[in-house]
Amino acid sequence: MKKGILLTIIGIVIIGIAYFGIEMFDFAKGVKEDAKKSEIELQQNPIIKLTEFKNGRWISTVDSLAGIEIKNGKWIMFYKGMETDSSDVYDFIIRREYIKELGTEHKPFEYLTITNDSDTLEYSILEYSSELLSLSYIPRGNTLNYEHEK
């Protein structure tokens, strides 16, 4: 009797292993096909260049006296009628990140970090065109919109 039960258990285990092996093979095949599909999509999509800010002045859409000047690789915050000092001048870098859950097939997010001796500020670049510069200030999540000065 015990021998019959033992053989039955061994048979069930062998069938389970075979079934699991087939399932793993199918899973691996699907993963490989998905990877190949993603690779083809990435090859077909042109590589999106990082935003490159050009020299220019941008005026806030909320306060027409407040603005940003991008000049010779510097980010300068100004307020018309007030003198700009060294604490208003920043170095800046732009970096790109993908949201892990969305994957690389979605547009990446670009972040702007501006720094000087006394401060570091982080923004998400929402839009940059010849007419509009739109940033989201990350700590608060508020949107800052600037129009190109004419």
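The questions below set values against the definitions behind them.

Tutor: This is a predicted model, in which local features need a pLDDT of at least 70 and side-chain atom pairs count only at pLDDT 80 or more, while totals for chains, interfaces and linings use all residues. Residues are numbered from 1 along each chain as its sequence is written, and side-chain values use heavy atoms, with hydrogens and water left out.

Student: What pLDDT does the protein chain average?

Tutor: The protein chain averages a pLDDT of 80, and 63% of the residues score at least 70. The pLDDT is the predictor's confidence in each residue, from 0 to 100. Over residues 40–46 the pLDDT is below 50, and this stretch has two contacts in the model beyond near neighbours in sequence. A contact here means heavy atoms within 4.5 Å. Where pLDDT is low, the predicted coordinates should not be read in detail.

Student: What do the eight strands form?

Tutor: They form a closed barrel in the order E1-E2-E3-E4-E5-E6-E7-E8, with antiparallel pairing. From one strand to the next the twist averages 35°. Such angles run from 0 to 180 degrees between N-to-C directions, with axes fitted as lines to C-alpha atoms, for helices over the stretch in contact.

Student: How do you know that E1 and E2 pair?

Tutor: Two strands pair if DSSP finds at least two bridges between them. Four bridges join strand E1 (residues 56–60) to E2, and the two run antiparallel, so by the definition they pair. The bridge partner of Arg57 in E2 is Glu69. A hairpin of five residues joins E1 to E2.

Student: How many bridges join E2 to E3?

Tutor: Six bridges join E2 to E3, again in the antiparallel sense. Glu69 has Ile76 as its bridge partner in E3. Glu69 is also the partner of Arg57.

Student: What makes Asn72 worth a remark?

Tutor: Asn72 has a positive phi of about 50° although it is not a glycine. It lies in the loop between strand E2 (66–71) and strand E3 (74–79), and that hairpin has two residues between its strands.

Student: Why is Asn72 called exposed?

Tutor: Its relative accessible area is 60%. Buried means under 20% relative accessible area, exposed over 50%, and partly exposed in between (1.4 Å probe, protein chains only). Asn72 at 60% is over the cut-off and therefore exposed.

Student: What makes E2 largely enclosed by the rest of the structure?

Tutor: Five of the six residues of E2 are buried, so E2 is largely enclosed. In the protein chain of 150 residues, buried residues make up 23%.

Student: Why is Tyr90 called buried?

Tutor: Tyr90, in strand E4, has a relative accessibility of 6% and so counts as buried. Not counting residues up to four places away in sequence, Tyr90 touches several residues, including Trp75, Met77, Ile114 and Leu121. Tyr90 and Asn116 are 26 residues apart in sequence and 4.8 Å apart in space, C-alpha to C-alpha.

Student: Why is Ser136 called buried?

Tutor: Ser136 is found in strand E7, and its relative accessible area of 13% is the reason why it counts as buried. Leaving aside neighbours within four places in sequence, its contacts include Tyr123, Leu126 and Thr143. E7 (residues 132–137) pairs with E8 (residues 142–148) over six antiparallel bridges, and Ser134 stands opposite Asn145 in E8.

Student: What lines the largest pocket?

Tutor: The largest pocket has a volume of about 400 Å³. Of its 20 lining residues, the closest to its centre are Thr51, Glu110, Ile125, Glu127 and Tyr128. The largest share of the lining, five residues, comes from E6.

Student: What makes a set of points a pocket?

Tutor: On a 1 Å grid over the protein atoms alone, a pocket is an open set with protein on both sides within 12 Å along at least five of seven lines, whereas a cavity is a set where a 1.4 Å probe fits but cannot get out; lining residues have an atom within 4 Å of a point. Grid points are joined across faces, edges and corners, and a volume is the space filled by probe spheres set on the points.
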